[in-house]
Amino acid sequence: MSTARLRSDIWVSAYLRRCAVEGAFAVLRRRGAAEAGAIFIKIDLLDGTALLFGPAPQSELKDGEDRLFSALHKDARIEPGEAEKRLAREINFDPDLWIVEVEDRQGRSFLDLAS
């Protein structure tokens, strides 16, 4: 049995609050489609490196999970410029996407990640 998915705008709002509660600075860089826009999370580790997460394949979702994310790079960390290039490609493919940027020296994502 399938459950309704939380709207993207509501999910992003809750995510921004979660980051604030945990002590990480997060901002909405790009507003996408309110109902179902794809969400991308860039984490700046403030040391010249970054992490980038995007939607995991739907086949990875398990019962009870609303959104699942996966890293969009093979290395443990990437240069912020590489993350920006990937985001630009994603925008060209889907202009309705959301981008949230988080600054956190610990690299905490606060996301449900695909294994």
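Arg86 is partly exposed, with a relative accessible area of 24%. Partly exposed lies between buried (under 20% relative accessible area) and exposed (over 50%), using a 1.4 Å probe and protein chains only. This is a predicted model, where local features need pLDDT of at least 70, side-chain atom pairs count only at pLDDT 80 or more, and totals for chains, interfaces and linings use all residues. Residues are numbered from 1 along each chain as its sequence is written, and side-chain values use heavy atoms, with hydrogens and water left out.

**Arg86 and its partner**

- Arg86 forms a salt bridge with Glu90, and their closest N and O atoms are 2.9 Å apart.
- A salt bridge here is a side-chain nitrogen of Lys or Arg within 4 Å of a carboxyl oxygen of Asp or Glu.
- The two residues are four apart in helix H2, so about one helical turn separates them.
- Glu90 counts as buried, at 15% relative accessibility.

**Helix H2**

- Helices (H or I, at least four residues) and strands (E, at least two) are DSSP runs, numbered from the N terminus.
- H2 covers residues 80-93, which is 14 residues.
- The expected span of a helix is 1.5 Å times one less than its number of residues.
- For H2 that gives 20 Å, and the end C-alpha atoms are 20 Å apart, which agrees.
- Ala83, Leu87 and Glu90 are buried in H2.
- They sit on the same side of H2, because they cover an arc of only 60° around the axis.
- The arc is taken from the directions from the helix axis to the C-beta atoms.
- On the other side of H2, Arg89 and Asn92 are exposed.
- The buried residues of H2 pack against strands E1 (25-30), E2 (39-44), E3 (50-55) and E5 (98-103).
- Contact means heavy atoms within 4.5 Å.

**Salt bridges across the chain**

- The count comes to 11 salt bridges.
- One of them joins Arg29 and Glu84, with the closest N and O atoms 2.8 Å apart.
- This pair links distant parts of the chain: Arg29 lies in strand E1 and Glu84 in helix H2, 55 residues apart.
- Arg29 is partly exposed at 37%, and Glu84 is partly exposed at 28%.
- Another joins Asp47 and Arg77, with the closest N and O atoms 2.7 Å apart.
- Asp47 is in the loop between E2 and E3, and Arg77 is in the loop between strand E4 (69-71) and H2, 30 residues apart.
- Asp47 is partly exposed at 44%, and Arg77 is partly exposed at 41%.
- Arg29, Lys42, Glu84 and Glu101 are linked in a network of salt bridges.
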